[in-house]
2 protein chains.
Amino acid sequence: MREKLISPTEDFSEWYIQVIQRAELADYAPVRGCMVIRPYGYALWENIQQSLDRRFKETGHQNAYFPLFIPYSFIQKESEHVKGFAPQLAIVTHGGGKELEEPLVVRPTSETIIGYMYSQWIRSYRDLPVLINQWCNVVRWELRTRPFLRTMEFLWQEGHTAHATFEEAEEETLKILYIYRDFAQNEAAIPVILGKKSESEKFAGALHTYTMEAMMGNKWALQAATSHNLGQNFAKAFEIRYLDRNNQLQYCWTTSWGLSTRFIGAIVMVHGDEKGLKLPPKLAPIQVIIVPIWKSDEEKEKVLAKIGELKSKLQAFRVKVDDREEYTPGWKFNEWELRGVPLRIEIGPRDVEADQVVLARRDTGEKWTVSTDDLGSKVEEALAKIQANLFQMAKKFLDENTYRLNDYQEFKRIIESDGGFVIAPWCESPQCEEAIKEETKATIRCIPFEQDGQPDRCVYCGKETTLKALFARAF
Amino acid sequence: MREKLISPTEDFSEWYIQVIQRAELADYAPVRGCMVIRPYGYALWENIQQSLDRRFKETGHQNAYFPLFIPYSFIQKESEHVKGFAPQLAIVTHGGGKELEEPLVVRPTSETIIGYMYSQWIRSYRDLPVLINQWCNVVRWELRTRPFLRTMEFLWQEGHTAHATFEEAEEETLKILYIYRDFAQNEAAIPVILGKKSESEKFAGALHTYTMEAMMGNKWALQAATSHNLGQNFAKAFEIRYLDRNNQLQYCWTTSWGLSTRFIGAIVMVHGDEKGLKLPPKLAPIQVIIVPIWKSDEEKEKVLAKIGELKSKLQAFRVKVDDREEYTPGWKFNEWELRGVPLRIEIGPRDVEADQVVLARRDTGEKWTVSTDDLGSKVEEALAKIQANLFQMAKKFLDENTYRLNDYQEFKRIIESDGGFVIAPWCESPQCEEAIKEETKATIRCIPFEQDGQPDRCVYCGKETTLKALFARAF
């Protein structure tokens, strides 16, 4: 018997770490702040990659690969960018046994080096738009790290596009944000709130940043993806220019956007429960776990033979058979529940006789017996129900824990007691934003696109405003 | 008009660089020795990845991700490994604004850090074999670099497996080598020679290294992939041990194997010609380029409408329509020949009337008219013929330029004049190997698996031997 998983209501942080490790999503690496993504976690990442990559390609984006190392001088060219990233850089000072003349930065993000290349490639309006994405690793020196959520090195995709006009860049920035939402809601079953970051929370060097925020199981927020309209800031820093139709030289308008392995942390924290992981069927590395039940070698042979037959009916799904001898069926049930497999099939000698199997849902715990006729359709239906239910449960949780108010005492009470998202009027002053952050640790996650436009008073200073912001504590 | 591509027979190195740049496979990066893989080159890499990844997964391997940074002390633990890699390391000495206590190495390969993790994960014979692969970037400080062939940073896959016995590790090492050959010959249309590296050419830390060697268009060799049986060297350095069935602690036997973006260089240099790239249909990012021909707006409309119809018959292929207005059809023919698209479809107003199109093969230059009935099958057939012909042409070239001999004067004459592969008897002494290398610049590429076993005399010293080695100049 293994030690019981700690309850998420008892200690959410500790529960998160235990789930990550016991479900074998990731392990700590021998380098401070780094992690190893284990096969089960990486298979989840591959499914995320495929889902997103398909969407990017359908909208005309192509993948490419830019260097890991960036000359230090590049980082300095955009003044806000260097301010934001300088404290987080990892620096290569020696190569091939010699000290380098100019130190190299291990990319924390690639606007600068890609900006430089775009300045080489783009000549005319005919070359625009340039729509490129890259899947890669990046490094940001972090003091406090947590697997997937904040690690020194992480994997992500970073899209970088260049356009002829502000409007086109803005359209791209939003198009990608909606792609992220479509992915989050329809593949990961995670409801999200879209909005714009405040000035203090926007990307270093951006004109403005759009974000997709999700509510975790402890009612904190997680920034699940961002999309930046970079304006002409990087175009001017790197001389990304094109000849327009009138043969005039113009600066491009650029965007960048990214989603990282952090999203795996969101999946864990949105859907997980006291039994462990709960994976959405569309992204689960294993959608169906088959656990055979036997008491004798004879029974074993019979049951496994039947499973061999059934597998041909389940070719459309990602199926695994756990036929290990050293563990009991009960142990296996717990194990695959911990690892979040959406659907379990149990089959013993009596089921073989009766041409039936038992199905068990990870999300509801429901168990029922079905005949093996047309098993594929039954599994498909069950997985679709699980996918839908995960979204509905998460949506209900989000809605129930989102408060609309304009009273600061109430605001503080909610944030400091049970937690949740608070949508409250804000006067747009950085001073109010900062004061709220200091007093409650809640930050402005975004200014949601959905606004009622009603006149109200800033929750902190009382000044008149029609704007509402989303406040929460965040990972 | 663009400047003509230099002929590969005039200056093969310059031709290679021109093709890479003009076909937009890659570009030089602003960091010495680094390159940018452009969308067309990256799409080729994605097709390579998919082909290999499918084969790895079919044989039970899983992907994972290990950290980019390795503690310097890890590299030192296996004595041969550190000797081989120390001169090539990039070192991070500063992070987050501070000097690090222990410098970090940017991975040149991951045996050490993966070995460490395996020592944490593997406990019992039940945990074996561990079959893991990772797709990632690695960095090796190189003095002389060339796009794809030798760059400071490159992309690759590195497989790392752990087994209970020498025999299982050896079986794995060979299984992967045959996977590489299957991929090279059947997807990339590149004939290869399999064999074992000599002691001086094996991987730093390996028991022995198997290799797949291919002949480039200038008759030099390129090591296209390697597979290493690491014996217990890394298991002992990192304490990778397991309890066997008798409860005895045993060291594991490990392997590693890799294929990199260098393989793109092989595709360029094996198939390319005076017109540029020639891509094998199975890996080509664009398999079919459609070039519409028109003289008036009315014709244009008619032709493009027809192409719209035809595209539905070609959904099984990767098709692109080049409908740009600013270039002539002739310019486009050259452009897509340069970029190696296997098959071109030309269609003008008369073709529309006659329900026909012109097909043109990139490999043979053959052009012929076909009716649009059942166009999909005709395209499929043409692509299959091109794929087969590319392999046959490369195989013929390899065979015609491979010499079996035992006379050293003849050996030198071949290597120093026209070039080629020389299969010659070798006594296994490193002195003969070294002397031949110094005198002719030819190295032992491998000891081919195919051996006639006939007694002969070492091509250099004359000592009796039955072993034949493959000698060539190499990239």
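Me: In the predicted model, is helix α5 (residues 111–121) of chain A largely enclosed by the rest of the structure or exposed, and how many of its residues are buried?
Reply: This is a predicted model, and the buried residues of α5(A) include Glu111(A), Ile113(A), Gly115(A) and Tyr118(A). A residue is taken as buried if 20 or more other C-beta atoms lie within 10 Å of its own. Helix α5 of chain A is therefore largely enclosed by the rest of the structure, the number of its buried residues being 8 of the 11.

Me: In what sense do strand β5 of chain A and β5(B) pair, and over how many bridges?
Reply: One position in this pairing is Gly95(A), which stands opposite Ala90(B) in β5(B). The two strands pair in the antiparallel sense, and the number of bridges is 5.

Me: As by what kind of axis are the two copies related?
Reply: Chain B can be laid on chain A by a turn of 180° and a shift of 0.0 Å along the axis, with an RMSD of 0.0 Å. The copies are therefore related as by a two-fold rotation axis. The same surface serves both copies, since 100% of the contact residues of chain B recur in chain A. The answer is accordingly a two-fold rotation axis.

Me: Which residue of chain B comes closest to the rotation axis?
Reply: The distance in question is taken at the C-alpha, and its value is 2.1 Å. Of the residues of chain B, the one that comes closest to the rotation axis is Val92(B).

Me: Which residues touch the most other members of the largest nonpolar core?
Reply: In general, nonpolar side chains tend to be buried together in soluble globular proteins. The largest nonpolar core holds 287 residues, and its largest share, 9 residues, comes from helix α12 (residues 375–400) of chain B. Leaving aside residues up to four places away in sequence, Ala214(A) touches Ala184(A), Val192(A) and Leu222(A), among others. The residues that touch the most other members are Ala214(A), Val422(A), Ala214(B) and Val422(B).

Me: Which residues of β23(B) point one way, which the other way, and are they buried or exposed?
Reply: All 5 of the 5 residues of strand β23 (residues 421–425) of chain B are buried, so the strand is largely enclosed by the rest of the structure. Strand β22 (residues 402–404) of chain B pairs with β23(B) in the parallel sense over 3 bridges, with Tyr403(B) opposite Val422(B). Phe421(B), Ile423(B) and Pro425(B) point one way and Val422(B) and Ala424(B) the other way, and all are buried.

Me: What is omega at the cis peptide bond that joins Leu128(A) and Pro129(A)?
Reply: Pro129(A) lies in the loop between α5 and β7 (130–139) of chain A. In chain B, the bond from Leu128(B) to Pro129(B) is cis too, with omega near -5°. For the bond that joins Leu128(A) and Pro129(A), omega is about -10°.

Conventions: Residues numbered from 1 in each chain as written. Chains lettered and ligands numbered in written order. Predicted model: local features only at pLDDT ≥ 70, side-chain atom pairs only at ≥ 80, totals over all residues. Buried ≥ 20, exposed ≤ 12 C-beta atoms within 10 Å, placed from the backbone. Helix = DSSP H or I, 4+ residues; strand = E, 2+ residues; numbered from the N terminus. Pairing = 2+ DSSP bridges. Least-squares fit on C-alpha atoms with pLDDT ≥ 70 in both. Contact = placed C-beta atoms within 7 Å. Core = buried A, V, L, I, M, F, W, Y, C linked by C-beta atoms within 7 Å.
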